[in-house]
Amino acid sequence: MPSAEAGASSGGEAGTPNAEAGAATVAAGGEGNADSSLPSDAVEWKPSDGGNGHHYLVRTISGGITWDDANAAAMKLGGHLATSTSAAENEFIFSVAAADNSAWVSSPMYNAVDGPWLGAVKNGSTWTWVTGEPWAYTDWAKYEPTGSYNGYVEDRIQMRNELDSTNPAATWNDAPSAATEPGYVVEFE
């Protein structure tokens with residue numbers, strides 16, 4: 001699995017993706033960061049490691065954030081909500097998000113761990129990425145997508161583990177745009 005080196009926005013514990021020797025570098029003060037306008041904690045998925053050269057970062061919000069607010073915040077930073085267009089990219093995005101424990105909230109009642117927002121929108125019955133990239137890859141959690149929950153239309157995507165309430169996972173859940181999730185992942189192209 002691609003991983004972020006130690007030093008990403010919030011440190012993880014040994015065994016978490018950012019503690020592994022990895023394919024990414026943290027763009028700090030211009031080191032490994034050709035664009036000084038990027039936030040210093042953005043992590044590059046290097047082409048030499050099979051990546052796309054994009055930078056990713058996770059932002060968390062105490063009390064949570066809606067998808068619309070997360071989308072606006074990502075654009076204000078100069079990026080967009082992350083798009084997972086392949087298994088390798090999804091695993092890299094997960095490694096960045098998993099490195100920040102505050103990006104995940106345990107939901108024992110649902111036997112789940114809720115994670116950050118990603119950049120997907122459902123229009124009618126069609127899922128699309130905010131960038132317009134082709135919708136060719138998915139990583140839905142076991143019982144997803146459901147399309148609705150308790151009368152709410154679920155038309156956005158977050159990372160979520162629905163198999164236990166203690167460990168984050170790279171799998172996805174569809175959720176209402178008005179739901180508050182612990183954070184979001186930004187992608188800079």
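Predicted model: local features only at pLDDT ≥ 70, side-chain atom pairs only at ≥ 80, totals over all residues.
**A chat about loops, strands and rings**

Reader: Noted. What is the phi of Asn 111?

Author: Asn 111 has a positive phi of about 50°, although it is not a glycine. Most residues other than glycine have a negative phi.

Reader: And which other Asn has a positive phi of about 50°?

Author: Asn 150 does, again without being a glycine. You'll find Asn 150 in the loop between β8 and β9 (152–153).

Reader: How accessible is Asn 150, and why does it count as exposed?

Author: Asn 150 has 63% relative accessibility, and the cut-off for exposed is over 50%, so it counts as exposed. Asn 111 is at 36%, so that one counts as partly exposed.

Reader: Let's go to β7 then. Which of its side chains are buried?

Author: Trp 127 and Trp 129, which point to one face of β7. Thr 126 has a relative accessible area of 45%, so it is partly exposed.

Reader: How does β7 run relative to β6, parallel or antiparallel?

Author: Antiparallel, with 4 bridges joining β6 to β7. Across that pairing, Val 121 stands opposite Thr 128.

Reader: How many residues lie between the strands in that hairpin?

Author: The hairpin of β6 and β7 has 2 residues between the strands, and Gly 124 takes a positive phi near 65° there.

Reader: Is α2 mostly covered or mostly open?

Author: Mostly covered: 9 of its 12 residues are buried. Among them are Phe 92, Ile 93, Phe 94 and Val 96.

Reader: Phe 92 makes me think of rings. How many aromatic pairs does the whole structure have?

Author: A search of the whole structure gives 11 aromatic pairs. In one of them, the rings of Trp 45 and Phe 92 have centres 5.5 Å apart and planes at 15°, so this pair is stacked. It links distant parts of the chain, since Trp 45 in strand β2 (residues 43–45) and Phe 92 in helix α2 are 47 residues apart. Both Trp 45 and Phe 92 are buried.

Reader: What about Tyr 137 and Trp 172, stacked or edge-to-face?

Author: Edge-to-face, at 5.9 Å centre to centre and with 85° between the planes. Tyr 137 is in the loop between β7 and β8, while Trp 172 is in strand β11 (residues 172–175), 35 residues apart. Tyr 137 counts as buried at 17% relative accessibility, and Trp 172 does at 0%.

Reader: Which residues share an aromatic cluster with those two?

Author: Trp 127, Trp 129, Trp 135 and Trp 140 form one aromatic cluster with Tyr 137 and Trp 172.

Reader: Last one: what sits over the ring of Trp 67?

Author: The charged end of Arg 156 does, 4.5 Å from the centre of the ring.

Key
Residues numbered from 1 in each chain as written. Heavy atoms only, no water. Buried < 20%, exposed > 50% of the residue type's maximum accessible area, 1.4 Å probe, protein only. Pairing = 2+ DSSP bridges. Phe/Tyr/Trp six-rings, centres within 6.5 Å; stacked < 30°, edge-to-face > 60°. Lys NZ or Arg CZ within 6 Å of the ring centre and 35° of its normal.
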